[in-house]
Amino acid sequence: MRAAPCADRRGLVAPLLATVAVRILLTVEFPLLAQEAYHWAYSVHPDLSYFDHPPLVAWAIRAGTTLFGLGTLGLRAMGLVFALGTTLVGLAWLRDLGARPTTLRLWVVAMLAVPILGLGIGLAMTESPLAFGWVLCLWALWRARAGALGWWLLAGLGAGIALLSKYSAAFLLPGGLVVLALDREMRRQLLRPGPWLALVVATLCFTPVLLWNQRHDWVSFRYQLGIDAHPELKLPHGIAQLVGGQLLVVTPVLAAAVVAAFRHFWRAQAQDPRALWFMAFGLPCAAVMALTCPWQAVKLNWLLPTWLVWVPAALLWIDEHGALGRHPRLARAGAGIAGAVLLLTLASPLIDLVPWQWGNRWSGWDKIAATVREVEREVTGGSDGPGAYFIASEGVNETASLSYWLERIHRQEPDRPPTVPVLAENTFGGPALAYDFWTRPAELAGRTAIVVLRQNRDGPSMWIQLTMNRCFSSVSRVREVEVEEGGIVVQRASIWVGRGYTPVR
């Protein structure tokens with residue numbers, strides 16, 4: 001990596017310090033999302049891998065909570081490290097791609113002002129280590145064009161980190177094959193040990209996932225590939241959701257810059273070696289999502305690998321072609337959107353005030369858990385004897401949120417009670433993702449259950465209420481919980497007690 005002039009480095013100090021400050025604020029103050037609670041549930045069930053995700057997010061949360069305790073700092077400590085690492089490694093990669101100081105500063109700003117990079121990276125989510133491993137792999141591969149073995153090993157490690165984070169890291173493989181075949185500098189490496197040792201390192205990193213799946217009938221791969229699914233064609237809705245969602249997470253102005261950069265680099269493949277790399281690593285994920293969106297909903301974060309390639313490419317194009325000066329109105333619009341996103345990011349802790357009718361699934365679980373604890377004492381007569389009862393909820397995210405806050409309460413008690421089994425929809429015969437591998441409803445036959453149902457606009461889930469009447473000898477509603485924050489009702493739930501549990505066949 002070429003050394004940056006002192007003036008260039010000084011110009012990066014202020015935005016990097018601002019990035020660190022904002023990231024720390026989000027780490028500590030941003031409310032715990034339900035998906036983060038689900039990943040925390042991974043960490044309290046240590047394993048080589050999990051049904052719907054590889055294990056690195058669980059290992060990272062376990063390390064963070066061991067060091068900093070059970071709170072948002074502990075859950076997100078490693079996410080903060082991964083986010084800052086992605087920013088710094090991205091700077092190194094861009095500098096090696098020939099980026100000028102303006103591009104580097106734009107990258108630092110983009111890591112906060114582009115929603116999928118700002119809020120999408122840094123929380124206790126699989127995207128945090130995925131982004132770090134992906135960018136680390138691309139940077140090391142670019143440096144490995146010169147043939148240094150160390151860079152090849154680092155590329156393998158980056159790919160391994162990405163593969164241990166999320167299965168979409170597999171899109172590194174087609175990109176790597178394309179550049180090995182078509183990049184003249186990379187083709188020369190095929191007769192050297194570097195590429196093969198990188199493959200070995202990445203495979204060794206991924207071994208825990210392979211071992212876990214081999215023991216569980218390759219269930220994760222079948223789930224990710226949709227082998228056991230029965231998709232329905234939803235052509236207009238799926239395409240509109242894909243396009244609209246991605247415009248939202250990258251902003252329309254940056255999306256327009258990406259389109260312009262794509263046109264430029266597509267035409268420049270014969271003269272500019274960077275162009276081949278952008279196509280090779282930036283297109284496969286987008287192409288697969290575009291092909292599958294008519295049959296399944298593409299979530300906002302699924303195209304993160306694509307944007308980790310095309311956002312840097314767009315920033316290079318903007319600077320090298322003077323787009324900011326040639327299109328002042330678009331530049332002002334982009335600056336305005338970036339400023340607005342940054343302000344929203346700073347105000348994002350207020351997301352806790354979203355009303356329950358708007359689909360709030362994350363707020364109020366501390367109050368609900370405290371009420372459940374009261375019901376526990378009533379059900380057990382003040383005795384916390386193991387084996388007397390269990391707890392269940394609807395949805396893995398809701399179940400995990402409840403479990404997390406119950407654990408917070410339990411840790412504050414002087415005589416900590418034994419662990420109570422917590423189940424999700426598998427209590428009622430439904431699929432429950434990783435919970436299907438952690439709890440066995442058949443082993444709880446005959447017990448009393450405390451069931452927590454979060455209310456949506458139509459009230460508690462009707463199918464679970466009907467199933468409860470079939471799998472318990474008696475069912476009674478014992479509490480209605482309404483959680484207010486700042487005068488706004490952010491969560492509603494009902495708490496039920498079912499006695500004489502009979503597992504659903």
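Modeller: On a 1 Å grid over the protein atoms alone, a cavity is a set of points where a 1.4 Å probe fits but cannot get out, and lining residues have an atom within 4 Å of a point. Grid points are joined across faces, edges and corners, and a volume is the space filled by probe spheres set on the points. This is a predicted model, in which local features need pLDDT of at least 70 and side-chain atom pairs count only at pLDDT 80 or more, while totals for chains, interfaces and linings use all residues. Residues are numbered from 1 along each chain as its sequence is written, and side-chain values use heavy atoms, with hydrogens and water left out.

Colleague: How many cavities of 30 Å³ or more does a search of the whole structure find?

Modeller: The search finds two. The largest has a volume of about 60 Å³, and its lining includes R23, L26, T27, L80 and A83. Helix 1 (6-29) and helix 4 (72-96) each give two or more residues to this lining; helix 1 gives the most, with three. Helices here are DSSP runs of H or I, at least four residues long, and strands are runs of E, at least two, numbered from the N terminus.

Colleague: What volume has the second largest cavity, and which element gives the largest share of its lining?

Modeller: Its volume is about 50 Å³. Helix 4 supplies four lining residues, the largest share. Among the residues that line this cavity are V57, L75, F82 and P129.

Colleague: Which residues of the largest nonpolar core touch the most other members?

Modeller: In soluble globular proteins, nonpolar side chains tend to be buried together. A nonpolar core is a set of buried Ala, Val, Leu, Ile, Met, Phe, Trp, Tyr and Cys residues joined through side-chain atoms within 4.5 Å; buried means under 20% relative accessible area, exposed over 50%, and partly exposed in between (1.4 Å probe, protein chains only). Here L117, F265, F278 and F281 touch the most other members of an 87-residue core. Helix 7 (residues 127-144) contributes its largest share, 13 residues.

Colleague: Which residues of helix 23 are buried, and why do they lie on the same side?

Modeller: In helix 23 (residues 462-471), I464, Q465, T467, M468 and C471 are buried. They lie on the same side because they cover an arc of only 165 degrees around the axis, taken from the directions from the helix axis to the C-beta atoms. On the other side, M462, N469 and R470 are exposed.

Note on methods. 1 Å grid on protein atoms, 1.4 Å probe; cavity = no way out; pocket = protein on both sides within 12 Å on 5 of 7 lines; lining within 4 Å.
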